[in-house]
Amino acid sequence: MTLSKGGCQCGAVRFEVKGPLGKASVCHCRMCQKAFGNVFAPLVSIPEGALKWTKAEPRRFQSSNLVQRGFCPECGTPLTYEAPDGLAVAIGAFDHPERIEPEIQFGIEGRIPWMDHVNDWPVRETLDDIEAAPFLDKLESYQYPDEV
Ligand SMILES: [Zn+2]
């Protein structure tokens, strides 16, 4: 059986999902933008009972009468969208987000117009900027490592 693992940036909150994940999406609505501090929210739905918190549980913010948003109480990483019809987890929090490809966009009334231009921008790898940001040379990550 497949096991997908993930957690927050500091590692205080970790989770495992047993079996196949549900449908993956991005949501552009204004509530998801705020909850993620971002311009859209990549989320994957989790079949009932498949997710286990293996360390601390997330803290939750009640963002509406129907929905709670889970996040790490230590580092603030956004982790969940919890609605009456089920639970979804932030794709970026998984140890292997590249394996979870969204197949639909929701909340497009909130879609930021410049999203259409992302592929037109110049691209760089982190260490391509070493001259502009020499501190990167001394960077030590305190981020919890991804598991294989
Ligand atoms: Zn954390």
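Guide: We shall take the metal site and then the sheet. This is a predicted model, in which local features need pLDDT of at least 70 and side-chain atom pairs count only at pLDDT 80 or more, while totals for chains, interfaces and linings use all residues. Residues are numbered from 1 along each chain as its sequence is written, and side-chain values use heavy atoms, with hydrogens and water left out.

Visitor: Which residues coordinate the zinc ion?

Guide: Donors are N, O and S atoms within 2.8 Å of the metal (3.2 Å for Na, K and Ca), and sites may look incomplete because water is not among the atoms. Here the SG atoms of Cys8, Cys10, Cys72 and Cys75 coordinate the zinc ion at 2.3 to 2.4 Å.

Visitor: What makes the arrangement tetrahedral?

Guide: Four donors count as tetrahedral if all angles lie between 85 and 135 degrees. The 4 donor atoms around the zinc ion subtend angles of 102 to 117 degrees, which makes the arrangement tetrahedral.

Visitor: Are Cys8 and Cys72 buried or exposed?

Guide: Buried means under 20% relative accessible area, exposed over 50%, and partly exposed in between, with a 1.4 Å probe and protein chains only. Both Cys8 and Cys72 are buried.

Visitor: In what order do the strands of the open sheet run?

Guide: Strands are DSSP runs of E with at least two residues, numbered from the N terminus, and two strands pair if DSSP finds at least two bridges between them. The 7 strands follow the order β6-β7-β8-β9-β4-β3-β10, with mixed pairing. Because β6 (59-62) and β10 (105-106) stand at the edges with a single partner strand each, one side of each is left without a neighbour in the sheet. The pairing of β6 with β7 is antiparallel, over 4 bridges.

How values were computed
Tetrahedral: all angles 85-135°; square planar, octahedral: opposite > 155°, others 65-115°.
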